[in-house]
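Please read the following points beside the model, taking them in order.

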Amino acid sequence: MSVKTTRIAHLSDLHLLEPCPDGSRSYGFDVRFVSIGRKLDARERMRKVTRALQAARRAGVDHVVVSGDLTETGTARQFEAVAEVFHGSGIAPSDVTMVPGNHDAYTSPGAWQKALEGPLREYAPTSAHGPGAVVERPNFCIMPLDVACHQPVTRSSGELSDDNAEALERRLRDPAFSRKAIVVVQHHPPHPHKVPAWQWIDGLRGWARMMKLLEEHRDVQLLHGHLHYTVNRVVVGGRDRIFGAPAVVSEKEDTIRVRLYEVRDGLLESAGLIAA
């Protein structure tokens, strides 16, 4: 007898800020630089994420995936803002998977690990806590990857490390997961930019290795963020297997959209976008 259909919500690019009593002028150059084109309103950004999580709950999702850039620059206070929003959502930490993005590593190389040991500790077991991390459920498993790397705010690249790639390869060969939908989650998309210079600035180092894994393992799907828009991409086999979600931070507060997927018979399929 087949396992019931499972529904997954996909949020990305929250870019949460710590509230500043003195307004946007209190933020440093780094925040103002990476926030160009975005309003520096911490409370508004938190409200957007709150509304997105409320929409996910109303949709009856079984799990929530957040594919990186939870914060604007990865400060401790920004991760505390993330914890505040998610703790207030009513969604159990065990039903949430988070991975970091490039913005979450601007402040320091160890910012993500400190967040998992501190304000996000309840989410650590089901998030990207190290190579080979896996979240196993009756009919699917999520393999969250940390592809963030510390770099100047003038770059926004990511890196699939050898440790992460080798651990993922071992997981994908494990027969224990052969009857389940396998969902890899990372921040950067696993394909290159057309312009080499832009690839160096903004792309994923190791993308070819990830694409090879997706080509070899046709039952694997990948969720990502970073691009700030919806993505549906075919690898091989004639169906979409790479999916990107819109950036919560870029949505209008009254028209926030949440991406949904359904898992059935060992496959993850897009179920469209819902309005918050």
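1. A residue is called buried when its relative accessible area is under 20%, exposed when it is over 50%, and partly exposed in between (1.4 Å probe, protein chains only). Glu 262, with a relative accessible area of 17%, is therefore buried, whereas Arg 264, at 30%, counts as partly exposed.

2. This is a predicted model, in which local features need pLDDT of at least 70 and side-chain atom pairs count only at pLDDT 80 or more, while totals for chains, interfaces and linings use all residues. Residues are numbered from 1 along each chain as its sequence is written, and side-chain values use heavy atoms, with hydrogens and water left out.

3. The structure holds 14 salt bridges, a salt bridge being a side-chain nitrogen of Lys or Arg within 4 Å of a carboxyl oxygen of Asp or Glu. One of them joins Glu 262 and Arg 264 at 2.6 Å, N to O, and these two residues belong to a network of salt bridges that also links Arg 7 and Glu 269.

4. Arg 45 and Glu 72 form a salt bridge whose closest N and O atoms are 2.6 Å apart. Because Arg 45 lies in helix 2 (residues 42–58) and Glu 72 in the loop between strand 2 (63–67) and helix 3 (76–87), the pair ties together parts that are 27 residues apart in sequence; helices (H or I, at least four residues) and strands (E, at least two) are DSSP runs, numbered from the N terminus. Both Arg 45 and Glu 72 are buried.
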